[in-house]
Amino acid sequence: MKIALLSRNPKLYSTRRLKEAAEDRGHEVQIIDVLRAYMNIASHHPTIHYKGEPLTGFDAVIPRIGASVTFYGAAVLRQFEMMGVYPLNESVAITRSRDKLRSLQLLSRKGIGLPVTGFASKPDDIKDMIKMVGGAPLVVKLLEGTQGIGVVLAETQKAAESVIEGFMGVKANILVQEYIKESEGADIRCFVIGGKVVASMQRKAAPGEFRSNLHRGGSSSLIKITPEERSTAVRAAKIMGLNVAGVDLLRSNHGPVVMEVNSSPGLEGIENATGKDIAGMVIEYIEKNGKAGKTQTRGKG
């Protein structure tokens with residue numbers, strides 16, 4: 001197969017591993033900086049050009065689109081879909097999962113366990129919203145934040161009010177969530193491929209920190225997940241429409257709650273923690289499923 005790998009940095013661990021895994025299985029891989037791809041949106045004949053050449057003959061496309069380039073990256077991926085190229089994750093599923101508020105609304109509608117979450121626009125509503133999510137301590141999250149950036153733990157009512165007012169003052173969209181104290185700064189990353197959890201790890205926050213992201217100095221270790229956690233992760237990925245996803249869960253007193261569903265999960269932490277060839281499993285999934293025009297949106301974007 002000829003595979004397009006959309007990634008801004010060929011040196012990234014995940015990009016390197018996916019390329020190696022595909023080439024080890026005899027596939028041809030071209031790494032494409034998504035911001036250098038440009039499109040001709042012509043009737044009946046959509047095309048993508050890259051550094052002066054048209055991109056043609058691809059069987060599948062693997063999107064590794066960073067959060068900061070979601071809008072443009074999704075447009076390029078949609079163009080590939082319209083050309084009949086099979087996407088590992090579809091553009092519509094990626095944009096859905098990148099919108100934290102929309103994700104939570106979709107998950108809640110299907111009965112997935114979530115932290116109690118509030119969303120408001122005006123400072124006048126702050127006090128009632130804090131009460132609604134169970135009071136302080138609580139977590140304030142920037143809607144556009146990634147890798148733990150823009151996530152604040154407010155330990156008192158006063159701190160919560162001033163943090164929320166501060167974010168609202170700069171017109172930032174935020175979520176306010178209950179703080180799951182019993183998780184003790186640890187979460188579980190379940191790596192889902194094609195409706196199966198193929199690997200899972202526990203991520204523990206660094207001392208004095210409550211965010212467990214590996215980018216924030218957290219550590220990862222192997223963990224055995226429960227059947228309920230497994231089915232929650234699989235259902236969450238399916239609701240988002242993602243073939244490959246990193247589903248982040250917390251262990252709460254009322255069962256597993258989903259923190260986030262990631263459409264471009266990193267491979268380094270999970271491969272190191274589990275010793276599994278996750279990149280190889282991703283390529284294997286593409287081999288089995290990569291047929292022209294095979295998308296939920298039928299390539300219509």
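This is a predicted model: local features need pLDDT of at least 70, side-chain atom pairs count only at pLDDT 80 or more; totals for chains, interfaces and linings use all residues.
I then looked at how β1 and β2 are joined. Strand β1 (residues 2–6) runs parallel to β2, and I find five bridges between the two. As one point of reference, I recorded that Ile3 has Val29 as its bridge partner in β2.

Next I turned to helix α9 and checked its length. The helix covers residues 278–289, which makes twelve residues. Because the expected span is 1.5 Å times one less than the number of residues, α9 should span 16 Å, and I find its end C-alpha atoms 17 Å apart, which agrees.

Which residues of α9 are buried? I listed Ile278, Ala279, Gly280, Val282, Ile283, Tyr285, Ile286 and Asn289. I then asked what covers the buried residues of α9.

From β7 I moved on to Asn89, which I located in the loop between β7 (86–87) and α3 (91–98). Is Asn89 buried or exposed? Its relative accessibility is 2%, so I count Asn89 as buried, the cut-off being under 20%. Its side chain reaches the backbone nitrogen of Asn243 at 2.8 Å, and a polar atom of that side chain lies 2.8 Å from the backbone oxygen of Val244. Leaving out residues up to four places away in sequence, I find that Asn89 touches Asn243 and Val244 themselves, together with Pro63, Leu77, Glu81, Ile94, Leu242 and Ser263.

My last entry concerns Leu222, which I placed in strand β14 (residues 219–222). With a relative accessible area of 57%, Leu222 is exposed, because the cut-off for that word is over 50%. Apart from neighbours within four places in sequence, Leu222 is in contact with Ser200, Ala273 and Thr274. I also noted Met201, which is 21 residues from Leu222 in sequence, while the two C-alpha atoms are 4.8 Å apart in space.

How values were computed
Residues are numbered from 1 along each chain as its sequence is written. Side-chain values use heavy atoms; hydrogens and water are left out. Helices (H or I, at least four residues) and strands (E, at least two) are DSSP runs, numbered from the N terminus. Buried means under 20% relative accessible area, exposed over 50%, partly exposed in between (1.4 Å probe, protein chains only). Contact means heavy atoms within 4.5 Å. A polar contact is a pair of N or O atoms within 3.5 Å; within protein, one must be able to donate a hydrogen and the other to accept it, and residues adjacent in sequence count only if both atoms are side-chain atoms. Two strands pair if DSSP finds at least two bridges between them.
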